[in-house]
Amino acid sequence: MSRAEAAPTVRPVSPWWTLGLLRNELTTTFRRWRTLALLAVLAGVPILVGIAVRIETGDGSPPGGGGGEGPAFIAQITNNGLFLVFTALAATLPFFLPMAVGVVAGDAIAGEAGAGTLRYLLVAPAGRTRLLLTKYATVVLFCLAATLVVAVSALAVGALLFPLGDLTTISGTRIGFAEGLGRALLIALAVAASLTGVAALGLFVSTLTNSGIAAMATTVGLLITVQILDQIPQLHALQPYLFSHYWLSFADLMREPVYWDELRKNLGLQALYAAVFGTAAWARFTTKDITA
Amino acid sequence: MGEPSATEPEQPGEREAGEPVIATRALTKRYRGGQLAVDGLDLTVPAGSVFGFLGPNGSGKTTTIRMLMGLIEPTSGTARILGRPMPGATRAVLPHVGALIEGPALYGFLSGRDNLLRHDCADPAADPRTRRARVAAALDRVGLTAAAGKKAKAYSLGMKQRLGLAAALLQPRRLLVLDEPTNGLDPQGMREIRTLIRELASDGTTVFLSSHLLDEIEQVCTHAAVMAQGRLLTQGPVADLAAGARGRLVVTTPDPAEAARVLKEQGVGDLAVTGDRVTGEVPDRDLAEVNAALVAAGVRVRGFTVERASLEDAFVALTGEGFDVAG
């Protein structure tokens, strides 16, 4: 190996170094069986919904006719497979998607601490702020990947089981299939953005403990609690501040013209959560004694 | 523990050679429960030494190492590594330091090679263009090349320990901090690691080695420090420490009573007779004369030696107890 004389100088740090760390973080995250299993479950939801709708409408009757309401847009799927994308996102957004994000975000720091690898990353030295930002960026990209998995799976199933073509917006106007696809992509982006608040919350929880499982459970527990609080009418004064309150606003992207009011509120709320819990996570993580 | 800017003008270690690699002043850590883990530690590790850091379990060794590595903030006192303050200069100092802290920690779902690649990605001073070559060289150096593609969860404890060492050797280092590096290794592996440490030390790397195996410290270390209950009991060159617990003169003879009488006349103190062995403190005068006096008095001498004190004797003398007793 090299002699000591070759050792002294530190190579000037490339500004791209952080991207190298992020790339490694992404490959590490997306190569885990757990991550792949979460994505597989998410991909399975549109398949189930598609097949269920197909079977139920096999005799020509409209879906949902048997009683009860399905997720948004479910009645339209038989006319146009593209609606399966909207239905699948509406079905997974309340629980499956944020749960998957909670698992990945909760494990981000706590999992490394539990395995002991955190101390080695920090003495490498990755830098605490940099590591935290890398972790948050990875979780946000996971939000996007998870949403796109649902959307693409739904599009494939929709194209396979149902006709595709022009579609009718909520406002009753007709738009072409290409524009419909564009709207679907916008909706997927809006859904992914809706998850960034939970991601920041999960990351904060992750800095509080050395147990990945505890952080995941706490994050998912908070998610369920918030969903329940959002259903209690007496709490209407509080509800506009719950991160899940405007989640279903993505449906407004299917109006003509698009109704931006609640979408904007949703994005603002997610940014607020990201700022508050991101700062809290930073304050906690950069001053914490790493004893694991 | 803020992050210093990347553009610190002064490079660590480019100062006068006499500066210690690790220097702490009154370094203290009190945990939130009020427990005093490290109490006013003044540790000095000279450049180029192989420094043995000894102490019973719970004596504060690990807390000290974590403070040195910037993982734990000291309650008071200062620590300098390579002439720079820690944890302030983490970004500038730690690329020069390879560390194995409290055993290896690996990503079980990654191969040995991918574990090292990830570790190297986290080092801002590591050149991505030479990454694969350096990882291969480090794996080769610890004898893991054949198992490099295996998932780390399938590794034995000894293999994990080797992989942890490989991570510390990814770059040429000025300081290696090795916490129990031979833990979990078989005797052959222990010997390999000791050889590796000597090799590194002869290359000029300072090695800070914590261990509970005294003979290991005695075999490889030039300097040592002993901690107990958060305090530093002693530090210095290993030879001086062992000399602190003085050796004993041992005379083997079929005439022990007569031998004891003559030895007393010759000024040997603290005499003890057990069977045919007479032992006592080593006198200040020439031992050849002592032996001649024994023979002149008609004592039949079978053996006449000075038994060197081991580091363990020194340790027991210092702590007043066996080594593995928790503090």
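**The hairpin and its surroundings**

Guide: Leu27(B) has Leu41(B), in S2(B), as its bridge partner. The model is a predicted one, and that holds for everything described below. Strand S1 of chain B covers residues 22–30 and strand S2 of chain B covers residues 36–41; the two run antiparallel and are joined by three bridges. Between the strands of this hairpin there are five residues, and in the hairpin Gly34(B) takes a positive phi near 95°.

Strand S1 of chain B also contains Ala26(B). The phi of Ala26(B) is near 50°, which is positive although the residue is not glycine. Ala26(B) counts as exposed because it has 12 C-beta neighbours inside 10 Å, and the limit for exposed is 12 or fewer.

Chain B has 327 residues, and 46% of them are buried. Of the contacts in chain B with a separation of 6 or more, 70% are between residues 24 or more positions apart.

Next come the sheets of chain B. One is an open sheet of six strands with mixed pairing, in the order S7-S8-S9-S4-S10-S11 (chain B). Its edges are strand S7 (97–100) and strand S11 (231–237) of chain B; each has a single partner strand, so one side of each is left without a neighbour in the sheet. On average, neighbouring strands of this sheet are turned by 10° against each other, direction ignored. Within the sheet, strand S8 (residues 175–179) and strand S9 (residues 206–210) of chain B pair in the parallel sense, over five bridges. Leu178(B) has Leu209(B), in S9(B), as its bridge partner.

Helices pack on this sheet too. Helix H1 (residues 61–68) of chain B touches strand S4 (50–54), S8, S9 and strand S10 (223–228) of chain B, and its direction makes about 150° with that of S8(B). Helix H6 of chain B, residues 187–202, lies across S4, S8 and S9 of chain B and runs at about 150° to S9(B). In the loop between S8 and H6 of chain B lies Glu180(B). Glu180(B) is not a glycine, yet it has a positive phi of about 50°. With 19 C-beta neighbours inside 10 Å, Glu180(B) counts as partly exposed, because a buried residue needs 20 or more.

Another open sheet of chain B has four strands, in the order S13-S14-S12-S15 (chain B), with antiparallel pairing. At its edges are strand S13 (272–274) and strand S15 (303–307) of chain B, each of which pairs on one side only. The twist from one strand to the next averages 20°. S13(B) pairs with strand S14 of chain B (residues 277–281) in the antiparallel sense, over three bridges. In this pair, Val273(B) has Val278(B), in S14(B), as its bridge partner. Helix H9 (residues 256–265) of chain B packs on the sheet, where it touches strand S12 (248–252), S13 and S14 of chain B; the direction of H9 makes about 15° with that of S14(B).

Helix H2 (residues 33–56) and helix H4 (residues 96–115) of chain A have axes that come within 10 Å and cross at roughly 175°. H2(A) and H4(A) are therefore roughly antiparallel to each other. Among the residues that meet are Leu38(A) and Val41(A) in H2(A), and Phe96(A) and Val103(A) in H4(A). The residues of this contact divide into nine nonpolar, one polar and no charged.

Helix H6 (residues 128–161) and helix H7 (residues 177–194) of chain A have axes that come within 9 Å and cross at roughly 140°. H6(A) and H7(A) are therefore oblique to each other, and their crossing is right-handed. On the H6(A) side the residues include Cys143(A) and Leu148(A), which meet residues in H7(A) including Ala184(A) and Val191(A). This contact divides into eight nonpolar residues, one polar and no charged.

Chain A also has cis peptide bonds. One runs from Ala124(A) to Pro125(A), with omega near 0°, and Pro125(A) lies in the loop between helix H5 (117–123) and H6 of chain A. Another runs from Glu256(A) to Pro257(A), with omega near -5°; Pro257(A) lies in the loop between helix H9 (212–229) and helix H10 (261–287) of chain A.

Conventions. Residues numbered from 1 in each chain as written. Chains lettered and ligands numbered in written order. Predicted model: local features only at pLDDT ≥ 70, side-chain atom pairs only at ≥ 80, totals over all residues. Pairing = 2+ DSSP bridges. Axes fitted to C-alpha atoms, helices over the stretch in contact; angles between N-to-C directions. Contact = placed C-beta atoms within 7 Å. Parallel < 35°, antiparallel > 145°, perpendicular 65-115°, else oblique. Nonpolar A, V, L, I, M, F, W, Y, C, P; charged D, E, K, R; others polar. Left-handed = near helix turned anticlockwise from the far one by under 90°.
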